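Please look at the model below before reading on.

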Amino acid sequence: MTTPPVITRLSDPEFGSLCDDLAAQASLWNAPEHWPGGPIHQCAASGALRWTLSSDHGGVDWSPDRQLLAYHRLAQADLTTTFVLTQYAGACRRIAGSENAAIRARHVEALLSGDRFGTVGISHLTTSRRHLDRPILSARQTDDGGLVLSGVAPWVTGAAHAEVIVLGATLDDGREALVAVPTDLAGVHCGPGVSMIALSASCTDMVRLDDVVVSPSMIVAGPVDDVMSTGSGGGTGGLQTSALALGLAATAIDFLADESDARPELTPIADQLKRDCEAQLDDLLTAANPPGEDQHQVHKTEAPCDPMAIRGRANDLVMRCTQAAMTAAKGAGFVEGHPVGRWCREALFFLVWSCPQPIAQNHLCNLAGVSGDTAG
């Protein structure tokens, strides 16, 4: 198979072709056994993993807002593949940003080229199961500076297909470490993928570690306090998830616009939702790259916006847009296999994936018709 050219600009015709290819296959990814390995490799071969890195690390020096715009457009085409890609890119960024030269030499180019698939299991250090008294993935140091890992990483996308997983673990003294764990190490057990309401083909599942010995050459960062805040390649953070939500919203809006050709009463609905989506996308891109910060910036508005507020509004918009599409599709949309039904299920994903508690609480308050102050 011919290797596609590396995409270095969003205006490259190859980027449009990539989006078209993803859209043509999006309906195929419905269960854990439907892993989208082909599209994921196509994205990697097209340079998608290089978009989030500097040229010093094998990347193409895209500004953060350009990265988010690319993810937004890919999510319009195929949310499942794009979601997997964000986790793959997260592993690349963390490893490429490590001060550990050995780990960079071992993994970076193989990951970027698509020869090796990597992913991350770090949600338990940010939003997932933070309420527990004891860390669910613990680490203890060895005499040679390595670590022994025990416990579980609860939400790891594509774990069963990964050659390396960047995991977060917590020591008894509260310090945390990020480690790049080869999945063929003794004691690593990757689940095949949980059947979920949507995005099941992402093969997201638990990874269990039974006294897994990690050498110093596998440590990405730490042990330190709050390792997620270190300069180890965190990227654009939660804004990525908002970009995906707005991408799915745009897909539903396109459906409404197409339907309005024969049903003029849908035109004002589609037009208003499109204006809302475009305004939120402006806010998202500005938050990633405030005006004047980067000469390569592709989108500017007047003032930066808070990422938490952006996420809350994106969650609300994707729910409204997909439900509007379902209403317009009527009974046909409620039949299994219609894309609108899939989009409605996929919208629910944003209520649970890396959703900070204040956003979840605000959504619950809105559903109940009570104020946040009253709920608190």
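Is Asp276 buried, partly exposed or exposed? Asp276 counts as partly exposed, since its relative accessibility is 23%, where buried means under 20% relative accessible area, exposed means over 50%, and partly exposed lies in between (1.4 Å probe, protein chains only).

This is a predicted model, in which local features need pLDDT of at least 70 and side-chain atom pairs count only at pLDDT 80 or more, while totals for chains, interfaces and linings use all residues. Residues are numbered from 1 along each chain as its sequence is written, and side-chain values use heavy atoms, with hydrogens and water left out.

**Salt bridges overall**
- The structure holds 12 salt bridges, each being a side-chain nitrogen of Lys or Arg within 4 Å of a carboxyl oxygen of Asp or Glu.
- One of them pairs the side chains of Asp173 and Arg175 at 2.8 Å, N to O, and Arg175 is partly exposed at 24% relative accessibility.

- Arg320 and Asp276 meet in a salt bridge at 3.9 Å, N to O, which links distant parts of the chain, 44 residues apart: Arg320 in helix 8 (residues 307-329) and Asp276 in helix 7 (residues 267-288).
- Arg320 is partly exposed, its relative accessible area being 36%.
- Arg313 and Asp283 form a salt bridge at 3.1 Å, N to O; Arg313 lies in helix 8 and Asp283 in helix 7, so this pair ties together parts that are 30 residues apart in sequence.
- Arg313 is partly exposed at 33% relative accessibility, whereas Asp283 is buried at 19% relative accessible area.

Key: Helices (H or I, at least four residues) and strands (E, at least two) are DSSP runs, numbered from the N terminus.
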